[in-house]
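I am opening a notebook on a structure that is new to me, and I will write down what I look up as I go.

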4 protein chains.
Amino acid sequence: MCGIVGIYNHPEASKLAYLALYALQHRGQESAGIVSSTGGDLKAYGAMGHVADIFTADVLEKLPGTMAIGHVRYSTTGESAQKNIQPFTIAYSRGGLSVAHNGNIVNAAEIRDEFEAHGAIFQSTMDTEVILHLLASTKKNDLIDRLIEVLPQLKGAYSLVFLTETRLIAVRDPFGFRPLVLGKKDDALVVASETCALDLIEADFIREIEPGEIVQIDKKGLKSIKPFPPQKRAHCIFEYVYFARPDSIVFDRNVYEIRKGFGRELALENPVKADMVVPIPDSGVPAAIGYAEESKIPFQMALVRNHYVGRTFIEPEDSIRHFGVKVKLNPVKQMMEGKKVILIDDSIVRGTTSRKIIKMVRDAGAKEVHLRISSPQTAWPCFYGIDTPTRDELIASHKSLEEIRQFINADSLSYLSRPSLYWFEKQKPGEWFCDACFTGNYPEGAQWVQRALKTDDARGAATRGSRRIRAV
Amino acid sequence: MCGIVGIYNHPEASKLAYLALYALQHRGQESAGIVSSTGGDLKAYGAMGHVADIFTADVLEKLPGTMAIGHVRYSTTGESAQKNIQPFTIAYSRGGLSVAHNGNIVNAAEIRDEFEAHGAIFQSTMDTEVILHLLASTKKNDLIDRLIEVLPQLKGAYSLVFLTETRLIAVRDPFGFRPLVLGKKDDALVVASETCALDLIEADFIREIEPGEIVQIDKKGLKSIKPFPPQKRAHCIFEYVYFARPDSIVFDRNVYEIRKGFGRELALENPVKADMVVPIPDSGVPAAIGYAEESKIPFQMALVRNHYVGRTFIEPEDSIRHFGVKVKLNPVKQMMEGKKVILIDDSIVRGTTSRKIIKMVRDAGAKEVHLRISSPQTAWPCFYGIDTPTRDELIASHKSLEEIRQFINADSLSYLSRPSLYWFEKQKPGEWFCDACFTGNYPEGAQWVQRALKTDDARGAATRGSRRIRAV
Amino acid sequence: MCGIVGIYNHPEASKLAYLALYALQHRGQESAGIVSSTGGDLKAYGAMGHVADIFTADVLEKLPGTMAIGHVRYSTTGESAQKNIQPFTIAYSRGGLSVAHNGNIVNAAEIRDEFEAHGAIFQSTMDTEVILHLLASTKKNDLIDRLIEVLPQLKGAYSLVFLTETRLIAVRDPFGFRPLVLGKKDDALVVASETCALDLIEADFIREIEPGEIVQIDKKGLKSIKPFPPQKRAHCIFEYVYFARPDSIVFDRNVYEIRKGFGRELALENPVKADMVVPIPDSGVPAAIGYAEESKIPFQMALVRNHYVGRTFIEPEDSIRHFGVKVKLNPVKQMMEGKKVILIDDSIVRGTTSRKIIKMVRDAGAKEVHLRISSPQTAWPCFYGIDTPTRDELIASHKSLEEIRQFINADSLSYLSRPSLYWFEKQKPGEWFCDACFTGNYPEGAQWVQRALKTDDARGAATRGSRRIRAV
Amino acid sequence: MCGIVGIYNHPEASKLAYLALYALQHRGQESAGIVSSTGGDLKAYGAMGHVADIFTADVLEKLPGTMAIGHVRYSTTGESAQKNIQPFTIAYSRGGLSVAHNGNIVNAAEIRDEFEAHGAIFQSTMDTEVILHLLASTKKNDLIDRLIEVLPQLKGAYSLVFLTETRLIAVRDPFGFRPLVLGKKDDALVVASETCALDLIEADFIREIEPGEIVQIDKKGLKSIKPFPPQKRAHCIFEYVYFARPDSIVFDRNVYEIRKGFGRELALENPVKADMVVPIPDSGVPAAIGYAEESKIPFQMALVRNHYVGRTFIEPEDSIRHFGVKVKLNPVKQMMEGKKVILIDDSIVRGTTSRKIIKMVRDAGAKEVHLRISSPQTAWPCFYGIDTPTRDELIASHKSLEEIRQFINADSLSYLSRPSLYWFEKQKPGEWFCDACFTGNYPEGAQWVQRALKTDDARGAATRGSRRIRAV
């Protein structure tokens, strides 16, 4: 997963981009980059690590100009490399071009193969590089025209921010998989993955960039075009379940309220007698509050999170055994001793972490441990930008509910039903969500997904080149 | 404030010390150090920064031995320097000696002056250095005998862990200002500031090191002596209010439960009609849960904390104005719009942060903002190890409740009463707490406190030498 | 300027590459990189800075395999950037490909323009990137066939080492501008810019890679082809004058002896009565020894070099004035006082450094200062890989000998004549050298050089894209 | 060995100190530090590493004031630690005091034992710390009076620069073991170990600080006192042989000329027929020039030094064998092939390096290799500040000339005789030198040296505490 931002017409554009990335840090902790434009040159800086460590005052000084885009990147499977830091910046026949991408192009491997067959070279293992190849190779004059020609060739999820020497362009795929919002701070325009980035820089939220919309911002102002036929939407439901920050507005709804509703529905669907409702922090908190409210069972913050866990952590390897989840969480034993505890989490991936947490809660003295998950079973890999493991590794793809319960050693386990997941949607008919991770119904049809699943390497396929070059 | 740890008889003592410091990171983020002993040499390493950044696998390799002590240090007023990193290690007539100290010696300046008058030299600006001078200058043979002679000369707070080539000694001042606990992991004995450090390394909590107790651990085992006359206790109430981690047992009680009780009492004392109870994360959370439970007003996590705030943060300085509290917290606007909000915080120091948060909550659309503080007014400086500002800077020292309310712009403001602060104590008569920060009743009498307050430099006095040498 | 190395069939290929780069550090101090192959993957690491700082034991561990290539890069005009670190590694239709390049492709801008016109994208500002685009875009199957098709399209200087997953290929342009040698260490084959790299890793020098030769090394052994028509050679004379290490064999001659001969010829051509011959260290040393031997005037090392100058040096900026050449050199005053001094240097570029040194020598008390230059006037820019400034900045392009003498304030000044420069060549008729920097006779004809000189941007043209993207 | 500097009355005192340390880097590469005074505070910064790496513009900004002292430190036997970085700064009854020390206090262990017996604590393993303990413990009021009382208690070598808040004091021991000079730059006064430091900052050399002299510089100007009875001098002859920079004036003579004389005398004493005289760079260069001049045998720089060797160098450890001296030096084979070579070096310590170099020269094809050493046999350890190994490790302490020749595998070997070593002294009768390293005649008499040699730990004794604390 990734977070992106763009700033237009602010004297300290790169500094605002930096602050916005800081607010979007939860969307990617592997690397961060900013590219700014003075109107003539594009200036770029990126590195592995966290936003606040990378962008010192010195570095920001070297990114002058009134326009900037930025990117935070999440570590994907096995390819965590300097060369994949975004924004991705190139020179082509029309000048300099930089792009920050959130999403995943599912037919990137096919496009890449074709380009390579015609003699192109690739320097990263990112799907994003194929977008730039496509843009450079079309014959149209203007970048907007090139985008109109290129975007229909892309399958998959893409929220994009482009920067040239003189303009900023924001694009969202017709499905609207990933969020992208537009804001305003004084005379500056801002685009960002989530509204929490607008909040930090005190920009006002104007509206979402719409699915299929191309927004161009230059000295003539903002121009919006929607050159593509209308399309069923496919917002990623996992942004609501887990990914976005609770204080953000995503897909025009507040994430906190949505999550609280998941908890409330869960309490209605799966009641259980207990002494307390305890969230797995931090993602489980709003759902646990909703569950507690509905069930009238007291909410307790009885699993305490170590605030310093974001950092590199060298775990001793020798005689000391693996501390796993203990480094992040610790139960309040006195609260749990002899009690019946309902734990609330957003999802179960492999099941191993849940098992460790339940063991920890039992060791703390809990008499019963009931796990409630504020989403349906995650049984299918995501090909649209979330780094889920392969199908085989997803516990819900091959174990029944009862088998999972036994594996994690819970007294009871239940997931939110798919209908209840959409408790909020009745208010807004006509919108769809991509919930393929729960259902296997991928929005772009059977054709390439079949192949992807067969090879168990759909995302891998997109980065097939990765086997050839690795930065260390 | 500081956190300390000691490990005896574990093949990877320094690694356990590192993990324990990691769990105690909330007690000090400025610097960290570990000293280990192989039985012959003391090996030392310390640096400015966070535990997880300082102690790489390489560094831990260089700290061999089955004994280790460690320290995390909090930035105190103006003296944040390499030379003050602890553990503090010296050679004297009996060999090597290293010490880690949590607390503050209030008569350090007087002792230091006397030593300097007799020709001693000081290399740090820490009160801890005078303890070592005293220990080195006594005539007794054994270190325990030296401690028995030296400790009565010290006024103030000291939880100490000493390491020599062959033994580990833990000491707690007779008042028991600061916590210190004893644990066991297999054949290893562990001392630590809080039980959360024991939890992480999977050590069992045995008991508190008692006020006035000296615990010596060497190859003959553990030996406890209490050579001092019994003394009224003076546990620091602020450990309960703010400092300790909620999952720790401190002064034989669980911190989470104590704080929840503060919130419950607060709801009973100061009811107000409202739509939600919102904690200022993270310290206000348990009290807010208690308040919500008692008042039946819904608990909401409507102020969201940025997880990545612990890190260095370069704030842009030019045209962008100060982002202050926004970098750490962001309201969930959709929850607060048009609502009456009760905010719960643990204390008010200068009042400026509270004012910013209330402004932020009002900007998010809240109709009313009521601030409830889960402790009495903080009106007096602490001379026992907590880095409160001088009296003049404490808003409650010179403003009435109504003036504070106006300053922070709350619709209503109330603090917990002093009697309710001790809701928990009826169960355990005979124990006392130091609540001088609320009352001005300093436990060690008027004599030196008068002077300290007059010069408004009581802690400063202890580090008077600091004006002479500064590391940059 | 740059230095390159390739290792084939050694269990610690990357470590040997590292040592070889260490010996070639004088050819480029800006950045360094190594790419290794395990037979499957290419592993890459590079960074700004010096070889010994970049390649720690940790980093070398991450570059396994029995094949490796490496590169050191010199800071060129204005484009000192992370993205230009070599080896340059890509994926294309045939797999992974990495290249290290010493030289300069003079028609890179033209080729690049054409590629961009057809939709290609560029990510660096290096001429080397066009070589890879050409190689990827040809239709031939084998890399050797691709090279045979591509190389004739390149104008300029290129000593290249390629690495694929399974083979190492070394190429030298038909003119043989830049050196490249072949060596052997046990069962491993080595290619390197200079023999001093072979010496350090204790490899035996076999022979030069010949101009126009393509050497392929894979599991079948070494295969040499020379697919191009024979060509007049154009070895860079400046390698002898200044660039190569004196202990190296370059163009089949030892550099030290060549330089000593320059000094001897200089003494014959331009005798002057004096008390001592003093080299400007370190490049002037062999010529000064030759001069002293021939003239019978005592050789003195009376300008002392600070050994620690290679490092970053922060020069105070405020009231202290620029220390310039003093940071590097200091005269032995007692030797020079009242004496007539002959200084020997290899060349004069802008004249400012010579002026400072002569002032320094006069300040040290010298009665007369005679400057002798062991090469002819440098009056023309190099387009073949040496970073000379533009014509306007070369003092000899617009000032007469007498004007230069006055500018640098020498009592006398003379350069080596062009015929004497080739004192060594009588032994080897039929060989040519590129001495365009002295004569303006560029080996590849008037056509593009005219244009280059007109725009005063011949090398700039090759990196025209640099204006579009800059890394900071 | 160490280098020291002091600056008084310059607006950028710390920057001048930095530049001076840069020029003195050859006297110590392990660590460097600067302490400055604004008149009120002492500000300190030091770190492990090289001057140019430690003192960035940022760091120098934090060292304001018009007074500063600085220190570079050489790695001594086994105790290379953060805590031993100088200047050493303390607070005592009279305020702040900082000192930079070049030399070695031979009775430091005795003094230290006595202090420890009276209860003092030590934090470093440096002899310098005892000087500060002595100064702090005397009863005199003024620092000068304290020095007059303390200095006679010190045995050994000490060139010292002290800094208090308001004055700078320079001291040299009565024997004058280590150099110390006084200079002037505009209104600023400068003291430094060697004149090369004055040259870099463009200060004029005034005179040596005399043996036994105390120079105090404060706002009243410079005041010199010589409170001690006159004493036979004992200048360290090894400063001439090896340690000082050739462009420095040391003990009122130019080092280059002295060394050239050593070479000349060596040629007279030990002639040999050969084709060339080759120095082991860089210390052997002036002597080789002198030898060549006298013998009429051509001087050749036929061993080439890698300029980048000062840096950290990670040597591969696995199958590649130790590269030793090759990393630093490489022969010019073409010069040496079939030739008779005279190598000139300053001294032989263990003999292993000489053996490697001779092997390397033979491998390069030399027919005969004659080694000439420009000093007598080094057979005794130095207790006055030079880091020679113990007696047992000095090859000349237990092998005859012929045995050494065989060990290093030279065709002939000869050392300079002791009388010829003093070729320069006839001009200045009445001066003495410490040449105990050649003769075993230590200047301070048999008493403590006997013991030191017996325990083979004379210097170790001074740092006996080092066994108790080690920084890693």
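**Entry 1, the core.** I note at the start that this is a predicted model. I looked up the largest nonpolar core and found that it has 656 residues, and that the residues with the most contacts inside it are Ala20(A), Ala20(B), Ala20(C) and Ala20(D). I then took Ala20(C) and listed what it touches, leaving aside residues up to four places away in sequence: Val5(C), Gly70(C), Ala192(C), Ala197(C), Leu200(C) and Ile201(C).

**Entry 2, chain B against chain A.** I looked up the contact between these chains, where 52 residues of chain B meet 53 residues of chain A. Among the elements of chain B that each supply at least two residues to the side touching chain A are α1 (13-23), α9 (255-269), α10 (285-295) and the strand β19 (329-331). By class, I read that side of chain B as 28 nonpolar, 13 polar and eleven charged residues.

How do α9 and α10 of chain C pack? I found an angle of about 45° between helix α9 (residues 255-269) and helix α10 (residues 285-295), with the axes 6 Å apart, and that angle makes α9(C) oblique to α10(C). Their crossing is right-handed. On the α9(C) side the residues that meet α10(C) include Tyr256(C), Phe262(C) and Leu266(C), while the α10(C) side includes Pro286(C), Ile289(C) and Tyr291(C). I note ten nonpolar, four polar and five charged residues in this contact.

I turned to helix α4 (residues 108-117) and helix α5 (residues 128-137) of chain B, which pack at an angle of about 50° with their axes 9 Å apart. I wrote this pair down as oblique because of that angle, and the crossing of α4(B) past α5(B) as left-handed. Ala108(B), Ile111(B), Arg112(B) and Phe115(B) of α4(B) make the contact with Val130(B), His133(B) and Leu134(B) of α5(B). Sorted by class, these are five nonpolar, one polar and one charged.

I looked up Lys359(C), which lies in helix α12 (residues 352-363) of chain C. Is Lys359(C) buried, exposed or partly exposed? It counts as partly exposed, because 15 other C-beta atoms lie within 10 Å. From Lys359(C) to Asp387(C) I read 28 residues in sequence and 26 Å in space, C-alpha to C-alpha.

Against that, I found a cis peptide bond from Gln86(B) to Pro87(B), with omega near -5°, and Pro87(B) sits in the loop between β4 (67-73) and β5 (88-92) of chain B. Another cis bond joins Pro281(D) and Asp282(D), with omega about -5°; Asp282(D) is in the loop between β17 (276-279) and α10 (285-295) of chain D.

I also looked up positive phi values. Asp186(B) has phi near 55° and is placed in the loop between β9 (181-185) and β10 (188-192) of chain B; it is exposed, because 11 other C-beta atoms lie within 10 Å. Lys296(D) has phi near 60°, in the loop between α10 and β18 (303-305) of chain D, and with 8 C-beta neighbours inside 10 Å Lys296(D) counts as exposed.

Methods
Residues numbered from 1 in each chain as written. Chains lettered and ligands numbered in written order. Predicted model: local features only at pLDDT ≥ 70, side-chain atom pairs only at ≥ 80, totals over all residues. Core = buried A, V, L, I, M, F, W, Y, C linked by C-beta atoms within 7 Å. Buried ≥ 20, exposed ≤ 12 C-beta atoms within 10 Å, placed from the backbone. Contact = placed C-beta atoms within 7 Å. Helix = DSSP H or I, 4+ residues; strand = E, 2+ residues; numbered from the N terminus. Nonpolar A, V, L, I, M, F, W, Y, C, P; charged D, E, K, R; others polar. Axes fitted to C-alpha atoms, helices over the stretch in contact; angles between N-to-C directions. Parallel < 35°, antiparallel > 145°, perpendicular 65-115°, else oblique. Left-handed = near helix turned anticlockwise from the far one by under 90°.
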